[in-house]
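Load the model, show it as a cartoon, and keep the sequence panel open. The stops below are given in the order in which to select them.

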Amino acid sequence: MEEYPPKQSTENLDDPPNSRLFVVTSRSITEDELRDSFSVFGDIQGVWVVKDKQTKESKGISYVKFARSSQACLAMEEMHGKVLVEGTKPIKVFIAQSRSSTRHRDVEDEELTRIFVMIPKTFSEEDLKNTFKEYGEIEYCVIIKNKSTGESKGLGYVRYYKPSQAALAIENCDKTYRAILAEPRTKSTASEDYSGGTTRGGSNVPRNTTMHQETQGGRLLATDPGNYQVMDFRSGDFTRCLMMSTRAALTQEQIFALFDIIPGMEYCELQRDAYGISKGHALIRYSNLGSAVYAKEKLNGFEYPPGNRLSVNFVDDGEDRSSPVGRMAMQFVAAQMMNVVWNGPSSSQVMKPPGFSTISPMPRIQTDVNLPPLKKLAPPDSKTKERLFVVFSPSPLPLDVLEDVFCRYGSLIEVHLVPGRKVGYMKYADKQCADDAMAALHGRFINGVKLKVMLADPPREESHKRPRTY
């Protein structure tokens, strides 16, 4: 589909990698308008507007080639969703697909923000961060360690918030670090340890390890998840440590807020792999046994967000309760807290930690957006005046939730999710209502899912094409 001038060698299109942009525009946008708009970000080596071979008219697709990857990434970050010419639709900007990748990549692509580096084995995580922070704000640093000895392997990862920052680091850091974009994690690399978590008080705890608590000189030790023992509370094994598992994409902040409802939380950490991707479970520790028992009973099976049932279990906290006195005390506290859970707080004999409050039911829609009141759907046979294209990260929301959210801006006809993909379309009978929904919801989170809301491309008019059904 790509049509390049004969003088341009296709061998150089991806040199350096990620330096070529794929741009979706209105068909009226010209090569000169693209060049003028993108030239502020760096040295442009070529602009190509893809045209129909028969009519020679633009297909609304273009490519822009920069001299440096950081220039292309910055242009993508700044220009995605912008309007080039008044009266035309906002453009979509991606890093163009190359021979080494199977898709176009957007500003949210994690693979563009992580770099892999070779470092001195004496480097600490702080040294690594200080070395690379000049290129942009760092989300986290990871030092790969030998699992047996705990010693650095002389390798590390740095995760930035923006692709342009990672590209700048690769281009400008000392060549001895041999910085490259990190490859996606594979099973063969899944056993490497790293550090980077924090407790509520601020002390460091390894993220990739779970907290089989042993105490050595007052310091909390962490061991491998494989050694982490889940306790059976039915046999009386109550602890101050909980492991929460979730299938939905919850953030660290959401989990913290949920478990912080119960007083006494000391530590809450979403477990991540070496690339910072959530493993789907979090470790929570309370300062007292009563809070942990109460949290376990109240939140195990709790739906958050609606439709996602949390699993909460006790895990070994390393404390010695083998003595008869210690075990009796544990069982007494647990029994009292079970009484709170099962019989309610009205009993005057129940031991209840200060500040306890019952967990109120959470609303069906969890979002920081100030949503308008619900509005009726437009009649199904209404004429579509505007369609919105929505990208979901990490996974689509249920149809009823999407309908609940997008109908609030008025004249919503229908919600359609594309099977097998993380995208969908919203059909509106009024253009202004669609514009209001896009302005309010683009880039926002609904039930832990990030939405990218854009104007959809108009349906093609070629008669030989099968008409759209959504």
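Start with Phe132 and Tyr135: both residues are buried, where buried means under 20% relative accessible area, exposed over 50% and partly exposed in between (1.4 Å probe, protein chains only). This is a predicted model, in which local features need pLDDT of at least 70 and side-chain atom pairs count only at pLDDT 80 or more, while totals for chains, interfaces and linings use all residues. Residues are numbered from 1 along each chain as its sequence is written, and side-chain values use heavy atoms, with hydrogens and water left out.

Stay with the rings. Rings of Phe, Tyr and Trp (its six-membered ring) pair if their centres lie within 6.5 Å; planes under 30 degrees apart are stacked, over 60 edge-to-face, and the rest tilted. The count by this rule is seven aromatic pairs. Phe132 and Tyr135 make a tilted one, with 6.4 Å centre to centre and 55 degrees between the planes.

Next, select helix H2, residues 69–79. Helices (H or I, at least four residues) and strands (E, at least two) are DSSP runs, numbered from the N terminus. Nine of the 11 residues of H2 are buried, so the helix is largely enclosed by the rest of the structure. Among the buried ones are Ser69, Cys73, Met76 and Met79. To see what surrounds them, show strand E1 (20–24), helix H1 (31–38), strand E3 (58–66), strand E4 (92–95) and helix H4 (163–172), against which the buried residues of H2 pack. Just after H2, stop at Gly81, which has a positive phi of about 85 degrees.

Now move to E3. Eight of its nine residues are buried, so E3 too is largely enclosed by the rest of the structure. Two strands pair if DSSP finds at least two bridges between them. E3 pairs with E1 in the antiparallel sense over five bridges, and Arg20 stands opposite Lys65 in E3. Strand E2 (residues 44–51) is also antiparallel to E3, over seven bridges; here Val50 has Ile61 as its bridge partner. E2 and E3 form a hairpin with six residues between them, and Lys56 in the turn has a positive phi of about 65 degrees.

Finish with the cysteines. Cys141 counts as buried because its relative accessibility is 4%; Cys407 counts as buried at 6%. How many disulfides does the structure hold? There are zero, taking a disulfide as a pair of cysteine sulfur atoms within 2.5 Å.

Conventions. Contact = heavy atoms within 4.5 Å.
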